[in-house]
Amino acid sequence: MARRPIARDQMVKLIVGAGQASPSPPIGPALGSKGVKSIDFCKEFNARTAHMTPGIPIPARVTVRPDRSFHFELRTPTTSYLLLQAAGVKERKNKLRGGMAAGKESIGEVSLKHVYDIAKVKHSELRLSGLSLEGLCKSVIAQARTCGITVVP
């Protein structure tokens with residue numbers, strides 16, 4: 001007989017609007033395939049994000065244990081979302097989207113103060129707290145270029 005593999009924790013990464021989690025796709029199928037009741041996740045996620053502005057995309061990292069229990073950690077909103085908000089970009093097709101031709105087309109501008117503020121928000125996250133603020137600012141500037149946003153001094 002073949003040996004059974006050792007059961008391990010499974011990781012699921014989701015990006016969900018703050019306070020808007022529902023068991024419909026993409027949350028339901030992602031967690032249901034791991035054996036987790038998605039309604040339990042949705043209730044807890046919505047409770048934890050109740051103090052945030054509704055609709056901000058919050059990355060969540062869900063760890064599913066072999067006994068089908070779970071826990072999750074919330075991260076700060078994505079850098080591209082924060083940049084697009086700071087640049088005042090309008091929604092296209094119901095979503096915030098960057099430039100079509102990054103580097104060639106500019107869809108907005110942000111100042112270095114905005115970049116610094118975004119880096120401070122990201123620095124509050126535990127996994128990024130070991131990085132220098134200067135390094136995070138450089139990372140945010142690179143992300144701005146990728147989105148088609150010009151950084152002005």
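This is a predicted model: local features need pLDDT of at least 70, side-chain atom pairs count only at pLDDT 80 or more; totals for chains, interfaces and linings use all residues.

Visitor: How many helices and strands does the protein chain have, then?

Guide: The protein chain has five helices and five strands. Starting at the N terminus, they come in the order β-α-α-β-β-α-β-α-α-β. The C-alpha atoms fill a box of roughly 65 × 35 × 35 Å along the principal axes.

Visitor: Why does E125 count as buried?

Guide: Buried means under 20% relative accessible area, exposed means over 50%, and partly exposed is in between, using a 1.4 Å probe and protein chains only. E125 sits at 8% relative accessibility, so it counts as buried. You'll find E125 in the loop between α4 and α5. Setting aside neighbours within four places in sequence, E125 is in contact with R75 and T76, where contact means heavy atoms within 4.5 Å.

Visitor: What makes S69 partly exposed?

Guide: The relative accessibility of S69 is 25%, so S69 counts as partly exposed. S69 lies in the loop between β2 and β3. Apart from neighbours within four places in sequence, S69 touches T63 and V64.

Visitor: How do you know that R68 is exposed?

Guide: R68 has a relative accessible area of 56%, so R68 lands in the exposed group. R68 is also in the loop between β2 and β3, and its phi is near 70°, a positive value in a residue other than glycine.

Visitor: How much of the protein chain is buried?

Guide: Buried residues make up 33% of its 153 residues. In α3, the buried ones are T79, Y81, L82, L83, L84 and A87. Their cover includes β2, β4 (108-111), α4, α5 and β5 (149-152).

Visitor: What makes something a nonpolar core?

Guide: A nonpolar core is a set of buried Ala, Val, Leu, Ile, Met, Phe, Trp, Tyr and Cys residues joined through side-chain atoms within 4.5 Å. The largest one here has 35 residues, and those with the most contacts inside it are I27, F41, F45, V62 and I149. At least two of its residues come from each of β1 (10-17), α1 (27-32), α2 (38-48), β2 (57-64), β3 (70-74), α3, α4 and α5 (133-147). Ignoring residues up to four places away in sequence, I27 touches L14, V16, A21, S22, S38, F41 and C42.

Visitor: Why are α3 and α4 called roughly antiparallel?

Guide: Axes are lines fitted to C-alpha atoms, for helices over the stretch in contact, and angles run from 0 to 180 degrees between N-to-C directions. Under 35 degrees is roughly parallel, over 145 roughly antiparallel, 65 to 115 roughly perpendicular, and the rest oblique. Helix α3 (residues 79-87) and helix α4 (residues 112-123) pack at about 150°, with axes 11 Å apart. That's why α3 and α4 are roughly antiparallel to each other. In α3, T79, L82, L83 and A86 meet H114, I118, V121 and K122 in α4.

Visitor: What makes α3 roughly perpendicular to α5?

Guide: Those two pack at an angle of about 70°, with their axes 10 Å apart. So α3 is roughly perpendicular to α5. T79, S80 and L83 of α3 make the contact with V140, Q143, A144 and C147 of α5.

Visitor: Which angle do α4 and α5 pack at?

Guide: About 115°, with their axes 9 Å apart. Among the residues that meet are L112, V115 and Y116 in α4 and L133, L136 and C137 in α5.

Visitor: One last thing: what joins P25 and P26?

Guide: A cis peptide bond, with omega about 10°. P26 is in the loop between β1 and α1.

Notes:
Residues are numbered from 1 along each chain as its sequence is written. Side-chain values use heavy atoms; hydrogens and water are left out. Helices (H or I, at least four residues) and strands (E, at least two) are DSSP runs, numbered from the N terminus.
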